[in-house]
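Here's a quick tour of the model you're about to see.

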Amino acid sequence: MTETQIRTHSSRSIRSVLALWTVASAFFYCYPATAADGNSGKTYTAEELRRSDWINDGMEKFNSACTYCHGSKGQGGKVKSFTERTGWKPETIHDVITNGRIRGANVMPPWGGSMSDDEIWKLVAYIKSLSLDFQGPLPPP
Ligand code: HEC
């Protein structure tokens, strides 16, 4: 290679590295914002989440998006089965679904950017309905 060829070559790769960096940083810059947008700041009590329509909607959503990793009742994941829980706080469940969680090689993806906050609360209602201490569904208010 002549000197000019080398210079052209390296400036082209610098340009592609820069382009990649711009795309990647734009993604990481936007991502938390989208995730935060999914959270309306509303909260619901365990009692309010007993409504049967939400539990059913949550179950459908869970079956399409979550069973792949968690099994149909949260019994197949990297965490204690969802059917063996007591006193699991709705906000805690909502927070993990919205923001995700990484513990070593165990990656729970964040869903706040791809689901509405209501959809996430319906998933919480379904997950709570699997708990050992679930008091049973109530008709929608
Ligand atoms: C790619 C696999 C994967 C998918 C898909 C997934 N999860 Fe997870 N989830 C995990 C892993 C792994 C953990 C455990 C993370 C850890 O160890 O802290 C987890 C943790 C959780 C927890 C917290 C459990 C606890 O004991 O604190 C909840 C709640 C949860 N997931 C709900 C969901 C819901 C609802 C969906 C569907 C919208 C979903 N997950 C989809 C892998 C997944």
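**Overall layout**

First things first: this is a predicted model. The chain has 141 residues, and 18% of them count as buried. Read from the N terminus, the order of the elements is α-α-α-α-β-β-α. If you take the contacts between residues at least 6 apart in sequence, 74% of them join residues at least 24 apart.

**Around the ligand**

Now to the ligand. The shell around the ligand holds 22 residues, and the closest ones are Cys66, Cys69, Arg103, Asn106 and Met108. Several elements each give two or more residues to this shell: the helices H2 (52–65), H3 (67–70), H4 (90–99) and H5 (117–130), along with strands E1 (101–103) and E2 (106–108). Sorted by class, the shell comes out as 15 nonpolar, three polar and four charged residues.

**Two helix pairs**

Next up is the helix packing. Two packed helices are described by the angle between their axes and the distance between the axes. Both pairs here involve H5, once with H4 and once with H2.

How do H4 and H5 cross, left-handed or right-handed? Their axes come within 9 Å of each other and cross at roughly 125°. That angle makes H4 oblique to H5. As for the hand, the crossing of H4 and H5 is right-handed. On the H4 side the contact is made by Pro90, Ile93, His94, Ile97 and Thr98, and on the H5 side by Ile120, Trp121, Leu123, Val124, Ile127 and Lys128. By class, this contact has eight nonpolar, two polar and one charged residues.

What about H2 and H5? Here the axes are 7 Å apart and the packing angle is about 100°. H2 and H5 are therefore roughly perpendicular to each other, as angles of 65 to 115 degrees count that way. From H2, the residues in the contact are Trp54, Ile55, Asp57, Gly58, Met59, Lys61 and Phe62, and they meet Glu119, Lys122, Leu123, Ala125, Tyr126 and Ser129 of H5. The class breakdown for H2 with H5 is seven nonpolar, two polar and four charged residues. Leu123 of H5 is listed in the contact with H4 and also in the contact with H2.

**Some single residues**

A few residues are worth a click of their own. Start with the loop between helix H1 (3–37) and H2, where arginine 50 sits. Is arginine 50 buried or partly exposed? Arginine 50 has 19 C-beta neighbours inside 10 Å, so it counts as partly exposed; buried would take 20 or more. Leaving out residues up to four places away in sequence, arginine 50 touches Gln135, Pro137 and Leu138.

Glutamate 47 is in the loop between H1 and H2 too. With 10 other C-beta atoms within 10 Å, glutamate 47 is exposed.

Serine 72 belongs to the loop between H3 and H4. Serine 72 counts as partly exposed, given its 13 C-beta neighbours inside 10 Å. Neighbours within four places in sequence aside, serine 72 is in contact with Asn63 and Thr67.

Valine 107 is part of strand E2. Valine 107 has 12 other C-beta atoms within 10 Å, so it is exposed.

Each of these residues also comes with a partner for a C-alpha distance, if you'd like to check some pairs in your viewer:

| Pair | Separation along the chain | C-alpha to C-alpha |
|---|---|---|
| arginine 50 and proline 137 | 87 residues | 4.9 Å |
| glutamate 47 and leucine 138 | 91 residues | 9.0 Å |
| serine 72 and phenylalanine 82 | ten residues | 9.9 Å |
| valine 107 and lysine 78 | 29 residues | 9.4 Å |

Note on methods: Residues are numbered from 1 along each chain as its sequence is written. This is a predicted model: local features need pLDDT of at least 70, side-chain atom pairs count only at pLDDT 80 or more; totals for chains, interfaces and linings use all residues. A residue is near a molecule or strand if its C-beta atom, placed from the backbone, lies within 6 Å of it. Helices (H or I, at least four residues) and strands (E, at least two) are DSSP runs, numbered from the N terminus. Ala, Val, Leu, Ile, Met, Phe, Trp, Tyr, Cys and Pro count as nonpolar, Asp, Glu, Lys and Arg as charged, and the others, Gly among them, as polar. Axes are lines fitted to C-alpha atoms, for helices over the stretch in contact, and angles run from 0 to 180 degrees between N-to-C directions. Angles under 35 degrees count as roughly parallel, over 145 as roughly antiparallel, 65 to 115 as roughly perpendicular and the rest as oblique. A crossing is left-handed if the near helix is turned anticlockwise from the far one by less than a right angle, and right-handed if clockwise. Two residues are in contact if their C-beta atoms, placed from the backbone, lie within 7 Å.
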